[in-house]
Amino acid sequence: MNNNITKIKICGLTRNEDIEAVNELLPDYIGFVFWKRSKRNVSKEKAAELKKLLNPEIKAVGVFVDADIGFVAGLLNGGIIDIAQFHGNEDDAYIEKLRLRVSEMSGGSKLTEIIKAFNIDRLESFEEVENSKADHIMIDPGKGSGVTFDWSKLEGLERPYFLAGGLNPDNVQEVVRKIEPYAVDVSSGVETDGVKDAVKMKAFMEAVRTAFSSC
């Protein structure tokens, strides 16, 4: 696994070949998108199939936008995903309701790990981000936009964060060195013609893992 400070998440996996690639590369997290407007959307059944093939050392993250709490809880309780990541209007009340639902479904045996994404361009201050009841926060410029942003906007944010938006093998090393995020999240930046590219995934991971050793 990645022993560096910055963890790695490769999001939007849809094919068996994608799982084979990450099982070899061992990122910290992978993502399954459950949002019908995304070209990377997967069904519950497909995600379950892919999860069975995934190395158990890698955490599977489900990505949602204003999804029904029962649907998300079912995926968590069923072991199809390990973590829920939210990009919509999910607030602290939603997060607490989800945790309660998962606890009830599992008889209190399951804890819910949550990532809440915040659009950097819509933040008036970092207060909401700093105080979020999610376990982790993510900063990005929109729902899987694949567009980068001015990383200096993150100055003053004290809470560790996942960084997403426009990252690729060519720029990720620079951003890791400059702002040292808790984790980096990539999707379109490691694709060719709309599908995951194992060569680009490997290059991305090598760039992160050698960010400081190659200074």
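Phenylalanine 64 is buried, at 0% relative accessible area (buried is under 20%, exposed over 50% and partly exposed in between, with a 1.4 Å probe and protein chains only). The model is predicted, so local features require pLDDT of at least 70 and side-chain atom pairs count only at pLDDT 80 or more, whereas totals for chains, interfaces and linings use all residues. Residues are numbered from 1 along each chain as its sequence is written, and side-chain values use heavy atoms, with hydrogens and water left out.

**Aromatic pairs**

- Across the whole structure, a search finds 7 aromatic pairs (rings of Phe, Tyr and Trp, the last by its six-membered ring, with centres within 6.5 Å; planes under 30 degrees apart are stacked, over 60 edge-to-face and the rest tilted).
- Phenylalanine 64 and phenylalanine 71 are edge-to-face because their planes stand at 85 degrees, with ring centres 6.3 Å apart.
- Phenylalanine 71 is partly exposed, at 34% relative accessibility.
- Phenylalanine 64 also forms a tilted pair with phenylalanine 86, at 5.8 Å centre to centre and 35 degrees between the planes.
- This second pair links distant parts of the chain, 22 residues apart, with phenylalanine 64 in strand S3 and phenylalanine 86 in strand S4 (helices, H or I of at least four residues, and strands, E of at least two, are DSSP runs numbered from the N terminus).
- Both phenylalanine 64 and phenylalanine 86 are buried.
- Ring pairs join Phe34, Phe64, Phe71, Phe86 and Tyr94 into a cluster.

**Salt bridges**

- The whole structure contains 13 salt bridges (a side-chain nitrogen of Lys or Arg within 4 Å of a carboxyl oxygen of Asp or Glu).
- Aspartate 82 and lysine 51 form a salt bridge with an N to O distance of 3.7 Å.
- Their positions are 31 residues apart: aspartate 82 is in the loop between helix H3 (69–77) and strand S4 (83–86), and lysine 51 is in helix H2 (residues 44–53).
- Aspartate 82 is partly exposed, with a relative accessible area of 31%.
- Glutamate 113 and lysine 59 form another salt bridge, their closest N and O atoms being 3.3 Å apart.
- Glutamate 113 belongs to strand S5 (residues 113–119) and lysine 59 to strand S3 (residues 59–64), so this pair ties together parts 54 residues apart in sequence.
- Lysine 59 is partly exposed, at 35% relative accessibility.
- Aspartate 135 and arginine 99 meet in a salt bridge of 2.7 Å, N to O.
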